[in-house]
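Here's a quick briefing to read with the model open beside you. Have a look at the fold first, then work through the points below.

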Amino acid sequence: MSNHCGAILGALGFRHAWCLDFEFVAEPGHKPRPVCMVAKCAITGEIIRLWGDELSSCPFEIADDVLFVAYYA
């Protein structure tokens, strides 16, 4: 994510703009189970990586000025 994109999102009033992705595993006949998640804030550059049991709680602040961008979450 470029600094230019983070600057634009910051100018729009966002404190954080999290771009995140999950990886899943699915045994035959079962629902997909998340294995890991990686997120990077386009504004601050902070990176969060979670594996396995770490995925049981939300590491993000949820607020009106926090943006989330995810492909499949």
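**Briefing: sheet, salt bridges and cysteines**

Phe24 sits in strand E1, residues 16–25; helices (H or I, at least four residues) and strands (E, at least two) are DSSP runs, numbered from the N terminus. Keep in mind that this is a predicted model, where local features need pLDDT of at least 70, side-chain atom pairs count only at pLDDT 80 or more, and totals for chains, interfaces and linings use all residues. Residues are numbered from 1 along each chain as its sequence is written, and side-chain values use heavy atoms, with hydrogens and water left out.

**The sheet**

- Four strands make up an open sheet in the order E3-E2-E1-E4, with mixed pairing; two strands pair if DSSP finds at least two bridges between them.
- E3 and E4 are at the edges with a single partner strand each, so one side of each has no neighbour in the sheet.
- On average, neighbouring strands of this sheet are turned by 20° against each other, direction ignored; the axes behind such angles are lines fitted to C-alpha atoms (for helices over the stretch in contact), and angles run from 0 to 180 degrees between N-to-C directions.
- As background, strands of a sheet pair through backbone hydrogen bonds, either parallel or antiparallel.
- E1 and E4 run parallel and are joined by five bridges. Ala17 has Leu67 in E4 as its bridge partner, and His16 stands opposite Val66 in E4.
- E1 also pairs with strand E2 (residues 33–41), in the antiparallel sense, over eight bridges. Here Cys19 stands opposite Lys40 in E2.
- E2 and E3 run antiparallel, with five bridges between them; Val38 has Arg49 in E3 as its bridge partner.
- The hairpin of E2 and E3 has five residues between the strands, and Gly45 takes a positive phi near 85° there.

**Burial and surface**

- Buried means under 20% relative accessible area, exposed means over 50%, and partly exposed is in between (1.4 Å probe, protein chains only).
- Phe24, Tyr71 and Tyr72 make a nonpolar surface patch of about 410 Å². Accessible areas come from the Shrake-Rupley method with a 1.4 Å probe, and for residues only the protein chains shown count as cover.
- Patches use residues with over 30% relative accessible area and no salt bridge; like charges are joined within 9 Å, and nonpolar side chains (Val, Leu, Ile, Met, Phe, Trp, Tyr) within 5 Å.
- Phe24 counts as partly exposed because its relative accessibility is 31%.
- Asp53 is in the loop between E3 and E4 and counts as exposed, at 72% relative accessibility. Asp53 and Val35 are 18 residues apart in sequence and 8.8 Å apart in space, C-alpha to C-alpha.

**Salt bridges**

- Side chains of opposite charge can pair when their charged atoms come close.
- The whole structure has two salt bridges, each being a side-chain nitrogen of Lys or Arg within 4 Å of a carboxyl oxygen of Asp or Glu.
- Arg15 and Glu61 form a salt bridge through their side chains (2.7 Å, N to O). Arg15 lies in the loop between helix H1 (3–11) and E1, and Glu61 in the loop between strand E3 (47–51) and strand E4 (66–70), so the pair ties together parts that are 46 residues apart in sequence.
- Asp65 and Arg15 also meet in a salt bridge (2.6 Å, N to O). This pair links distant parts of the chain, 50 residues apart: Asp65 is in the loop between E3 and E4, Arg15 in the loop between H1 and E1.
- Shared partners join Arg15, Glu61 and Asp65 into one salt-bridge network.
- Arg15 counts as partly exposed at 36% relative accessibility, as does Glu61 at 42% and Asp65 at 23%.

**Cysteines**

- A disulfide is a covalent bond between the sulfur atoms of two cysteines.
- With the cut-off set at a pair of cysteine sulfur atoms within 2.5 Å, the count comes to zero disulfides.
- Cys19 is in no disulfide, and the nearest cysteine sulfur, that of Cys5, is 6.7 Å away. Cys19 counts as partly exposed, at 23% relative accessibility.
- Cys58 is exposed, with a relative accessible area of 51%.
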